[in-house]
Amino acid sequence: MNMDACIEACLACVKTCEACVTNCVTKMDHDMDRTQCIQLCRDCAEVCTTCARLCARDSQFAMDMCKLCAEVCKACAAECEKHAQHGDEVCARCAEACRHCAEVCESMVAA
């Protein structure tokens with residue numbers, strides 16, 4: 001896996017996490033509590049942003065951040081999948097992007 005693919009996956013994840021936060025904020029009146037989803041998406045977007053930046057500058061800490069990024073992405077994906085199971089398409093797309101980013105980051109660490 002190359003660094004550009006990692007940066008691309010991280011930035012795609014940021015985009016979907018931010019959209020997911022907006023989606024969840026507008027659906028706060030529904031049956032499911034979305035607080036955890038919002039918090040994890042915000043954390044995930046921040047970590048992915050930092051990961052992309054460290055990778056772009058070839059930082060000595062980039063692989064450490066990739067490891068953390070994979071962990072946060074998996075936690076976010078698991079939470080988003082709860083809402084996706086109830087038909088929320090935005091959360092489904094976010095979970096997919098987070099899973100992909102986690103896989104890419106893990107492959108970077110393993111290489």
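This report describes helix packing, cysteine residues and selected loop and helix positions in a predicted model.

## Packing of helices H1 and H2

Two packed helices are described by the angle between their axes and the distance between the axes. Helix H1 spans residues 3-26 and packs against H2 at an angle of about 155°, with the two axes 8 Å apart. Because angles over 145 degrees count as roughly antiparallel, H1 is roughly antiparallel to H2. The crossing of the two helices, H1 and H2, is left-handed. The residues that form the contact of H1 with H2 comprise 22 nonpolar, 1 polar and 2 charged.

Val14 belongs to helix H1 and is buried, its relative accessible area being 16%. Val14 is 30 residues from Cys44 in sequence, and the C-alpha atoms of Val14 and Cys44 are 7.2 Å apart in space.

A disulfide is a covalent bond between the sulfur atoms of two cysteines. The structure contains 0 disulfides. For a pair of cysteine sulfur atoms to be counted as a disulfide, they must lie within 2.5 Å. The cysteine sulfur closest to that of Cys44 is in Cys73, at 3.6 Å, and this is too far for a bond. In the case of Cys55, the closest cysteine sulfur is in Cys66, at 3.8 Å, which is likewise too far for a bond.

Cys44 and Cys55 are also described by their accessibility. Cys44 is buried, with a relative accessible area of 1%. Cys55 is buried as well, with a relative accessible area of 3%.

A further cysteine, Cys10, is located in helix H1. Its relative accessibility is 0%, so Cys10 counts as buried. Cys10 and Ala70 are separated by 60 residues in sequence, while their C-alpha atoms are 9.8 Å apart in space.

Asn23 is a residue of helix H1. The relative accessible area of Asn23 is 9%, and the residue is therefore buried, the limit for that class being under 20%. The side chain of Asn23 is joined to the side chain of Asp88 by a polar contact of 3.0 Å.

## The loop between helices H2 and H3

Helix H2 covers residues 35-56 and helix H3 covers residues 62-84, and Ser59 is placed in the loop between them. Asp58 also lies in the loop between H2 and H3. Ser59 has a relative accessible area of 16% and is buried. Asp58, by contrast, counts as exposed, at 59% relative accessibility.

The side chain of Ser59 reaches the backbone nitrogen of Phe61, at a distance of 3.0 Å. Most residues other than glycine have a negative phi. Asp58 is a residue other than glycine, yet its phi is positive, near 55°.

## Summary

In the predicted model, H1 and H2 are roughly antiparallel and have a left-handed crossing. There are 0 disulfides in the structure, and the sulfur of Cys44 is 3.6 Å from that of Cys73, while the sulfur of Cys55 is 3.8 Å from that of Cys66.

How values were computed:
Residues are numbered from 1 along each chain as its sequence is written. This is a predicted model: local features need pLDDT of at least 70, side-chain atom pairs count only at pLDDT 80 or more; totals for chains, interfaces and linings use all residues. Side-chain values use heavy atoms; hydrogens and water are left out. Helices (H or I, at least four residues) and strands (E, at least two) are DSSP runs, numbered from the N terminus. Buried means under 20% relative accessible area, exposed over 50%, partly exposed in between (1.4 Å probe, protein chains only). A polar contact is a pair of N or O atoms within 3.5 Å; within protein, one must be able to donate a hydrogen and the other to accept it, and residues adjacent in sequence count only if both atoms are side-chain atoms. Axes are lines fitted to C-alpha atoms, for helices over the stretch in contact, and angles run from 0 to 180 degrees between N-to-C directions. Angles under 35 degrees count as roughly parallel, over 145 as roughly antiparallel, 65 to 115 as roughly perpendicular and the rest as oblique. A crossing is left-handed if the near helix is turned anticlockwise from the far one by less than a right angle, and right-handed if clockwise. Ala, Val, Leu, Ile, Met, Phe, Trp, Tyr, Cys and Pro count as nonpolar, Asp, Glu, Lys and Arg as charged, and the others, Gly among them, as polar.
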